Amino acid sequence: MLLDPRAPRFAAAVTTVVLAVALITGSTLLLLIQAVIFAGTAANPRLGPYGLLYRAVVAPRVAPPTELEPAAPVRFAQVVGLVFVTVAAIGHLAGVPALSLAATGAALAAAFLNAAFDLCLGCLGYLALRRLAGRPIAARVPARLP
């Protein structure tokens, strides 16, 4: 599966806002909602809520992508995000605010880097693991014209 690389970046921007609000308000509910979103997007990036929002609202208003990216690194990044927000929620529920703040802050920083600078830390981790395993993967490929 190939993705428009702007869709995960859009999702990262929305995630940045959600995690910033969760960090400021201390909302466990927002963390749990974001965890569910990460899990759904990890299963299928095209069907995650933010991906659907991108395809319905943003994609029709912008030019078609000139290149596409594989979905596997995005899926891996979503699993990493899921782990961080789950740890944050557990920290909050267990009464360990330092754990919750650290995990939420780390997830927020990663989402912000992706949204603002197109730097997906989870994707880079995926590519590094693939290289270590001797299985490199192309980061982006030219888009097919319809």
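Which helix gives the most to the nonpolar patch? H4 does, with five residues.

## Basis of the model

This is a predicted model, in which local features need pLDDT of at least 70 and side-chain atom pairs count only at pLDDT 80 or more, while totals for chains, interfaces and linings use all residues. Residues are numbered from 1 along each chain as its sequence is written, and side-chain values use heavy atoms, with hydrogens and water left out.

Helices (H or I, at least four residues) and strands (E, at least two) are DSSP runs, numbered from the N terminus.

## The nonpolar surface patch

The patch consists of Val79, Val80, Val83, Phe84, Val87, Val96 and Leu99, which together have about 480 Å² of accessible area. Accessible areas come from the Shrake-Rupley method with a 1.4 Å probe, and for residues only the protein chains shown count as cover. Patches are made of residues with over 30% relative accessible area and no salt bridge; like charges are joined within 9 Å and nonpolar side chains (Val, Leu, Ile, Met, Phe, Trp, Tyr) within 5 Å. A salt bridge is a side-chain nitrogen of Lys or Arg within 4 Å of a carboxyl oxygen of Asp or Glu.

Phenylalanine 84, one of the patch residues, is in helix H4. Phenylalanine 84 counts as partly exposed because its relative accessibility is 34% (buried means under 20% relative accessible area, exposed over 50%, partly exposed in between, with a 1.4 Å probe and protein chains only).

## Aromatic pairs

There are three aromatic pairs, where rings of Phe, Tyr and Trp (its six-membered ring) pair if their centres lie within 6.5 Å; planes under 30 degrees apart count as stacked, over 60 as edge-to-face and the rest as tilted. One of them joins phenylalanine 10 and tyrosine 54, with ring centres 5.8 Å apart and planes at 50°, so this pair is tilted. Because phenylalanine 10 lies in helix H1 and tyrosine 54 in helix H3 (residues 49-58), the pair ties together parts that are 44 residues apart in sequence. Phenylalanine 10 is partly exposed at 22% relative accessibility, whereas tyrosine 54 is buried at 4%.

Phenylalanine 76 and tyrosine 126 also form a tilted pair, since their ring centres are 5.8 Å apart and their planes are at 50°. Here helix H4 (residues 71-93) supplies phenylalanine 76 and helix H6 (residues 121-132) supplies tyrosine 126, so parts 50 residues apart in sequence are tied together. Phenylalanine 76 has a relative accessible area of 28% and is partly exposed; tyrosine 126, at 15% relative accessibility, is buried.

## Two buried loop residues

Aspartate 4 sits in the loop between strand E1 (2-3) and helix H1 (6-25). Its relative accessible area is 14%, so aspartate 4 is buried. Its side chain makes a polar contact of 2.9 Å with that of arginine 6 (a pair of N or O atoms within 3.5 Å; within protein, one must be able to donate a hydrogen and the other to accept it, and residues adjacent in sequence count only if both atoms are side-chain atoms). Apart from neighbours within four places in sequence, aspartate 4 is in contact (heavy atoms within 4.5 Å) with Tyr54, Pro65 and Leu68.

Serine 27 is in the loop between H1 and helix H2 (28-43), and is buried at 19% relative accessible area. A polar atom of the serine 27 side chain lies 3.4 Å from the backbone nitrogen of leucine 29. With neighbours within four places in sequence left aside, serine 27 is in contact with Ala22 and His92.

## Phenylalanine 117

Phenylalanine 117 belongs to helix H5 (residues 97-117) and is exposed, at 55% relative accessibility. Not counting residues up to four places away in sequence, phenylalanine 117 touches Arg9 and Phe112.
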